[in-house]
Amino acid sequence: MKTIDSKMFCFQCQETAGCSGCKINGVCGKKASTANLQDLLIYVTKGISEVTTEMRKKGKIVDKKIDRMIRDSLFTTITNANFDDKVIINKIKNIIDEKELLISELEDKSSLSKYAIYNEKDDEKLKIKSENVGILDTEDENIRSLRELIIYGLKGMAAYLKHAGVLGFEKEEIDAFLQKTLRDTTDDKLTQEELINLVMETGKYGVEAMALLDNANTSTYGNPEITKVNIGVRNNPAILVSGHDLKDIEQLLKQTEGTGVDVYTHSEMLPANYYPAFKKYDHFVGNYGNAWWKQKEEFESFNGPILLTTNCLVPPSESYKERVYTTSAVGFEGCKHIEGGYGEVKDFTEIIEHAKRCNPPKEIENGEIVGGFAHNQVMQLADKVVDAVKSGAIKKFVVMAGCDGRQKGRSYYTEFAKALPKDTVILTAGCAKYRYNKLDLGDIGGIPRVLDAGQCNDSYSLAVIAMKLQEVFGLEDINDLPIVYNIAWYEQKAVIVLLALLYLGVKNIHLGPTLPAFLTEDTAKFLVDNFGIAGIGTVEEDIENLIK
């Protein structure tokens with residue numbers, strides 16, 4: 001077992017039990033068996049990464065399918081992505097099969113570690129093994145903390161690489177780094193200082209991964225535009241799309257054209273509405289609902305089928321479970337899965353026919369919300385923004401990007417947004433925006449006080465905007481800009497965003513609603529001493545400290 005008093009151990013998300021670790025079942029709804037199998041999937045993925053790294057050292061070529069398999073394995077273990085034990089076992093076996101083929105190409109196998117040589121394929125033996133590997137294998141808590149910080153960053157990076165990859169944008173240098181670094185987390189010779197350096201290098205490649213995805217999205221679908229998004233409904237049967245993968249929604253929109261079935265976005269898919277390529281579809285209606293954690297009520301009232309393209313799946317209620325379809329790295333036992341890999345056209349016929357049999361969505365709100373303020377669009381407004389700053393009309397920008405979640409304490413972000421002085425502008429990306437994007441906060445000289453850049457990966461846009469403003473104002477240090485950071489986090493995509501910001505030199509980030517459980521006192525001290533990382537306090541205290 002993981003420990004004497006636990007069936008599992010996981011502390012990768014913000015809502016982990018007691019802000020220390022889930023030991024019986026995951027707060028996310030993950031069973032102990034699933035958590036353990038995910039630990040084993042990471043274990044064998046470290047093994048194959050060791051082999052690919054060794055191959056590259058010897059000048060051998062690693063097939064793209066292996067890079068893609070490794071990304072997919074990491075993506076599968078992100079919080080709220082895959083709850084299906086059978087799927088995870090199959091992924092473990094596939095990794096082992098491919099690893100054995102790669103090992104056969106190596107002339108010297110004597111130095112391979114236990115991760116690389118593990119080759120069990122019996123289901124029951126795999127389950128037993130899964131109960132005896134994982135986070136707690138690393139006894140030194142500071143080494144463990146740094147290793148997990150790196151691994152969670154790599155998980156977020158892998159997700160972004162997957163989204164870019166399905167659009168045909170891949171960069172072997174990033175995959176090679178990801179695999180080498182995953183291998184390095186098994187090296188007991190690495191010191192805390194060396195691991196800290198690896199944390200920063202992970203941030204560097206996080207920036208590159210997000211830049212790659214930004215290029216993939218904008219090259220394929222155009223630059224996001226300022227867009228008014230409908231949040232009401234029409235009287236047609238419909239499909240609701242949640243998650244992050246733009247390729248999936250593109251294929252679905254093409255296949256639903258002329259069928260009488262509407263398509264709505266949910267949660268992190270909202271920014272699909274900002275892309276020019278999708279605006280030509282008359283049946284692309286708008287956004288339905290809010291952040292991921294409200295899906296039990298909103299999936300219920302939607303009436304039609306729901307397509308989950310990435311993580312953020314809450315274990316579905318029986319009342320609507322048969323309407324939930326998954327694809328890519330997402331999975332839940334009993335939900336229908338739509339297959340389709342890189343370069344393949346997915347067949348959405350079944351979910352479309354299902355939609356035709358359903359009632360139209362029940363309206364839960366109406367009106368419009370405005371978004372589409374990615375870096376290209378904001379740069380078009382640069383003169384207006386700079387003039388507003390120089391005149392004093394805008395005193396400060398507040399970056400409130402990141403994730404939303406279920407904790408009651410997250411109402412802090414709504415109250416913080418309401419309490420901001422009227423000469424401040426919020427820059428946001430990710431589902432954290434649902435805490436305030438429907439408030440009427442007004443504008444400053446025609447510039448909305450909430451500028452939504454898009455999905456969590458579009459936090460890259462916020463960094464680009466900051467660097468451009470730094471250039472315009474002729475500042476040597478990005479931290480001299482009138483920008484402060486009050487970021488919410490939930491899962492591993494937020495971790496790579498944080499590491500990317502640290503690599504870019506951004507300091508004094510406030511992170512909440514709690515600091516990560518995987519940060520030991522020493523690791524947290526390093527982040528505080530070197531980057532000014534801090535938690536959140538009360539709204540009044542933080543307005544005083546950050547804004548005034």
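On a 1 Å grid over the protein atoms alone, a pocket is an open set of points with protein on both sides within 12 Å along at least five of seven lines, and lining residues have an atom within 4 Å of a point. Helices (H or I, at least four residues) and strands (E, at least two) are DSSP runs, numbered from the N terminus. The model is predicted, so that local features need pLDDT of at least 70 and side-chain atom pairs count only at pLDDT 80 or more, while totals for chains, interfaces and linings use all residues. Residues are numbered from 1 along each chain as its sequence is written, and side-chain values use heavy atoms, without hydrogens and water.

The second largest pocket holds about 420 Å³, a volume being the space filled by probe spheres set on grid points that are joined across faces, edges and corners. Of its 26 lining residues, I42, K46, G134, I135 and E148 lie nearest the centre. Helix α1 (32-57) is among the elements that supply at least two lining residues, as are α4 (114-117) and α6 (141-165); α1 gives the most, with 6 residues. By class, this lining has 10 nonpolar, 7 polar and 9 charged residues, where Ala, Val, Leu, Ile, Met, Phe, Trp, Tyr, Cys and Pro count as nonpolar, Asp, Glu, Lys and Arg as charged, and the others, Gly among them, as polar.

The largest pocket has a volume of about 560 Å³. It is lined by 23 residues, and D72, K91, N94, S328 and E339 are the closest to its centre. Helix α3 (85-103), α2 (64-76) and β7 (336-338) each contribute at least two residues, with the largest share, 6 residues, coming from α3. The lining comprises 7 nonpolar, 9 polar and 7 charged residues.

Attention now turns to strand β3. Strand β3 (residues 262-266) has 5 of its 5 residues buried, that is, under 20% relative accessible area with a 1.4 Å probe and protein chains only. In a regular strand the side chains alternate between the two faces of the sheet. In β3, D262, Y264 and H266 are buried on one side and V263 and T265 on the other. Strand β2 (residues 238-242) pairs with β3 in the parallel sense over 5 bridges, pairing requiring at least two DSSP bridges. Here V241 stands opposite T265. Strand β4 (residues 284-287) also runs parallel to β3, joined by 3 bridges, and Y264 faces G286 in β4.

Terms used
1 Å grid on protein atoms, 1.4 Å probe; cavity = no way out; pocket = protein on both sides within 12 Å on 5 of 7 lines; lining within 4 Å. Buried < 20%, exposed > 50% of the residue type's maximum accessible area, 1.4 Å probe, protein only.
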